[in-house]
Amino acid sequence: VDRDTVVLVPAAGRGERLGAGVPKALCLLAGEPLLRHAVRRIAAARSVAAVVVAVPADQVDAVRALLGDLAVAVTVVAGGATRQASVGAALAAAPPALPIVLVHDAARCLAPTDLVDTVADAVRSGQDAVVPVLPVLDTVKAVDPDGVVVATVDRAPLRAVQTPQGFQRSVLVAAHAAADPTDDPTDDAGMVERLGTAVRTVSGSEEAFKVTRPIDLVLAEALLARTLAGPP
Ligand code: CTP
Ligand code: MG
């Protein structure tokens, strides 16, 4: 396939739940910044022609230097106050000729290269919007404001949603144009659903988990140590 895909990487969050004292994207994992792990894996995908990263405004120059040697065209822009604003800033800087747009959280820094191509392939085959999903493992309950259980939710139709999420470029552009700027949806497919566009699912990856809490760094370090050690 020709390289027809641009990946937008929102990486402008503060990482408050991680509490590392530096922006999460610059947090070190096995000696390498989290954002570089993420972009290296994206750059290796056969579909990907370009990557646009949105980072905190005071980190733009540092991140350009950090990612300048990767084997793909990387554009670095300043992100916004919300994830939606950061994705919007990256979308505005994406090369307009590429018809497939993926959005991938920098925080899902160990998402495998294969998953990027699986999502891009599904969009290329004609889907408007594609998200990777996994079954929900825990029992889920609804509670009232006092914390009393109101109902046990049927888990069977529920899915936990990951990134990269893939879109026909026109679909994502329309969703951002229609979005309420005061809103802060946690994913991009949600904005597309509101337009009435069908969102398809593909199998996600356990390695595409989001580094959110300190314990997630422990898991990420362990996975990287296993990879470096090679197969048993
Ligand atoms: N993100 C962004 N711009 C924002 C907020 C979030 O680009 N204003 C990005 C984050 O950098 C991250 C992804 O969106 O890659 C998912 O967000 P999350 O995991 O919530 O990261 P943070 O917002 O940094 O973390 P926290 O909510 O704990 O502060
Ligand atoms: Mg956040």
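## Packing of α3 and α5

In this predicted model, helix α3 (residues 83–92) packs against helix α5 (residues 169–178) at an angle of about 130 degrees, their axes lying 11 Å apart. Axes here are lines fitted to C-alpha atoms, for helices over the stretch in contact, and angles run from 0 to 180 degrees between N-to-C directions. Helices (H or I, at least four residues) and strands (E, at least two) are DSSP runs, numbered from the N terminus. The angle makes α3 oblique to α5; angles under 35 degrees count as roughly parallel, over 145 as roughly antiparallel, 65 to 115 as roughly perpendicular and the rest as oblique.

Q84, V87, G88 and L91 of α3 make the contact with R169, L172, V173 and H176 of α5, where contact means heavy atoms within 4.5 Å. These residues comprise four nonpolar, three polar and one charged. Ala, Val, Leu, Ile, Met, Phe, Trp, Tyr, Cys and Pro count as nonpolar, Asp, Glu, Lys and Arg as charged, and the others, Gly among them, as polar. The α3 and α5 crossing is left-handed, a term used if the near helix is turned anticlockwise from the far one by less than a right angle, with right-handed used if clockwise.

## Packing of α1 and α2

The axes of helix α1 (residues 34–43) and helix α2 (residues 60–67) come within 10 Å and cross at roughly 50 degrees. Helices α1 and α2 are therefore oblique to each other, and their crossing is right-handed.

From α1, residues L35, R36 and V39 meet V63, L66 and L67 of α2. By class, this contact has five nonpolar, no polar and one charged residues.

## Pockets

The largest pocket has a volume of about 820 Å³. A pocket is an open set of points on a 1 Å grid over the protein atoms alone, where a 1.4 Å probe fits, with protein on both sides within 12 Å along at least five of seven lines; lining residues have an atom within 4 Å of a point. Grid points are joined across faces, edges and corners, and a volume is the space filled by probe spheres set on the points. Of the 31 lining residues, G13, R17, K24, R83 and K210 are the closest to the centre of the largest pocket. Its lining has eleven nonpolar, ten polar and ten charged residues.

The second largest pocket holds about 630 Å³ of space. Among its 19 lining residues, L134, L137, A160, Q162 and F209 are the closest to its centre. Two or more lining residues come from each of β7 (129–135), β10 (159–161) and α7 (214–229), and α7 gives the most, with four residues. By class, this lining has nine nonpolar, two polar and eight charged residues.

## Backbone features

Most residues other than glycine have a negative phi, and most peptide bonds are trans. A30, in the loop between β2 (28–29) and β3 (32–33), has a positive phi of about 50 degrees although it is not a glycine. The peptide bond from T163 to P164 is cis, with omega near 10 degrees, and P164 is placed in the loop between β10 and β11 (165–168).

## Conventions

Residues are numbered from 1 along each chain as its sequence is written, while chains are lettered from A and ligands numbered from 1 in the order in which they are written. In this predicted model, local features need pLDDT of at least 70, side-chain atom pairs count only at pLDDT 80 or more, and totals for chains, interfaces and linings use all residues; side-chain values use heavy atoms, with hydrogens and water left out.
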